[in-house]
Amino acid sequence: MRHLSVPSAQTQTWLDFCKSNGWLFSEAGVHPLEGGRKGIPLLDNAPIAGDSVWQGMPEVMVDGRVKGPSHWTQRLDEEIFKKMESEWPAAFEVQGDLQIVKIEPELQQFESNIAEAMLHQSPNIRVICADEGVQGDFRIRKLRVVQSRDGNESTLTRIKENGYSLWVDPSKVYFSIRLSTQRINTVTSAKNLSQRLGRGIVVCDPYAGVGPSMGALLAEDGLVSGYHVGDLNPQAVELLQMNIEHLVTKSSSSSFSPATIRCADATKWAMDNELVESCDLLLVNLPHDSISHLPELIPLLKKGDTTVLRGWAIIDKDEFESQKQLIIEAIEKTSAIIESVTIEEIKGFSSSKCFACFEVWLSRPI
Ligand SMILES: C[S@@+](CC[C@H](N)C(=O)[O-])C[C@H]1O[C@@H](n2cnc3c(N)ncnc32)[C@H](O)[C@@H]1O
């Protein structure tokens, strides 16, 4: 059985992390490993070995200390299982207490069997949802509740990552736990910028979704002095408001200035006097359009000091250099002075495209 090998002192942290993401195989115990390390038992849906969410922790295969079936399909009636033996869903995603699974048309007749087996296998799961694809401008998933453990069919749930919690609702707003490492890297860049400036920084996150980047940034003592966050999707903004309110109460700082949350088109933000030239760190996360939106967004960065632009984009693998040039051109058109530009692939997106992160350190003359 798959186990994540972690230093003994970090066992509880990794147990909590795996549990809150639905990756912990809760019916197996922690396994003592050689060298005093501990093995955290993983479910099959946990990210593959080497994925960035594991932060370098290796995976090992050892016999699990299992008290029950190790896979949800073993909870299906044997006859039903055999009917579709190789067709059962191999993967699913967990967000909080929701389990989201693609059920192919030929399996829909068995969906209540699937849901029952999954609920039985994972005691922390409340609702099994069928994933019916992405829809609309905000690319939100169409979810259909197949079964609820306790009759509560709400898709509003709470996730934990890197020590903070966030309200999410995958039927209303985009959120991906897979980008948690990116958020840790954002904090590293923000700390470097804050150190350089010798003060807390103002962050603009105009495509904030439910606000995961702010979760990571606000968790750091004294790092953020103020923020402007928002999203164009009103349903995202409702959750963003709930999350920011909670994150602020958990923060060591009692006041932030500025501190605004808005439901607006990011490309129009710089027309607002309160927002133009307001931030030290600008986050741009609309991967299909991040680069083309840059000309409208750069004016949000302060003038006279070093600032950082950090964004995420889906890029054609053979257009890396030309996309980097587009970023540079967008910045140079504003007469800004570029100190450094990095662009790196984070993961594949399709056979020809990849998901990349870019970061630019720049200063805009007064
Ligand atoms: C890829 S998601 C990123 C969300 C969040 N930053 C995260 O990492 O989870 C992009 C977000 O941008 C929002 N959005 C799309 N177009 C927008 C626009 N023109 N202005 C502001 N937000 C927009 C979507 O509603 C969505 O929540």
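1. Start with S340. With 9 C-beta neighbours inside 10 Å, S340 counts as exposed. The cut-offs, with C-beta atoms placed from the backbone, are these: a residue is buried if 20 or more other C-beta atoms lie within 10 Å of its own, exposed if 12 or fewer, and partly exposed in between. S340 lies in strand β16 (residues 337-348). Helices (H or I, at least four residues) and strands (E, at least two) are DSSP runs, numbered from the N terminus. The C-alpha atoms of S340 and E153 are separated by 49 Å. Along the chain these two are 187 residues apart.

2. A word on the source. This is a predicted model: local features need pLDDT of at least 70, side-chain atom pairs count only at pLDDT 80 or more, and totals for chains, interfaces and linings use all residues. Residues are numbered from 1 along each chain as its sequence is written.

3. Now the domains. The chain is divided into domain 1 (2-61), domain 2 (72-155) and domain 3 (175-363). These bounds come from an automatic or database domain assignment. Between the C-alpha centres of domain 2 and domain 3 lie 34 Å.

4. Which residues does V6 contact, leaving aside its neighbours within four places in sequence? They are T11, W14, R37, K38, I40 and M57. Contact means that C-beta atoms, placed from the backbone, lie within 7 Å. V6 lies in strand β1 (residues 2-6). It is buried, because 24 other C-beta atoms lie within 10 Å. V6 and Q147 are 35 Å apart, C-alpha to C-alpha, and 141 residues apart in sequence.

5. Next, an open sheet. Its four strands run in the order β5-β6-β7-β8, with mixed pairing. Strands pair if DSSP finds at least two bridges between them. β5 (93-95) and β8 (140-148) stand at the edges, each with a single partner strand, so one side of each is left without a neighbour in the sheet. On average, neighbouring strands of this sheet are turned by 35 degrees against each other, direction ignored. Axes here are lines fitted to C-alpha atoms, for helices over the stretch in contact, and angles run from 0 to 180 degrees between N-to-C directions.

6. Strand β7 (residues 127-135) pairs with β8 in the antiparallel sense, over seven bridges. A130 has R144 in β8 as its bridge partner. Helix α3 (residues 111-121) packs on the sheet and touches β6 (98-101), β7 and β8. The direction of α3 makes about 80 degrees with that of β8.

7. Turn to β14 (residues 281-285) and β15 (residues 306-316). These strands pair in the parallel sense over five bridges. V284 stands opposite G311 in β15. From β14 the chain crosses through helix α7 (residues 290-297) to β15, a right-handed β-α-β crossover. Right-handed means that, with the strands pointing away from the viewer, the path from the first strand over the helix to the second runs clockwise. β15 also pairs with strand β17 (residues 353-363), in the antiparallel sense over 11 bridges. There, the bridge partner of R310 is E359 in β17.

8. Last, the cores. A nonpolar core is a set of buried Ala, Val, Leu, Ile, Met, Phe, Trp, Tyr and Cys residues joined through C-beta atoms within 7 Å. The largest has 58 residues, of which V203, V210, L281, L282 and L300 touch the most other members. Helix α6 (residues 234-250) gives the largest share of this core, six residues. Apart from this core lies another, of 18 residues, including F92, I114, V127 and C129. L281 touches A190, L193, I201, V203, V308 and R310, not counting residues up to four places away in sequence.

Methods:
Contact = placed C-beta atoms within 7 Å.
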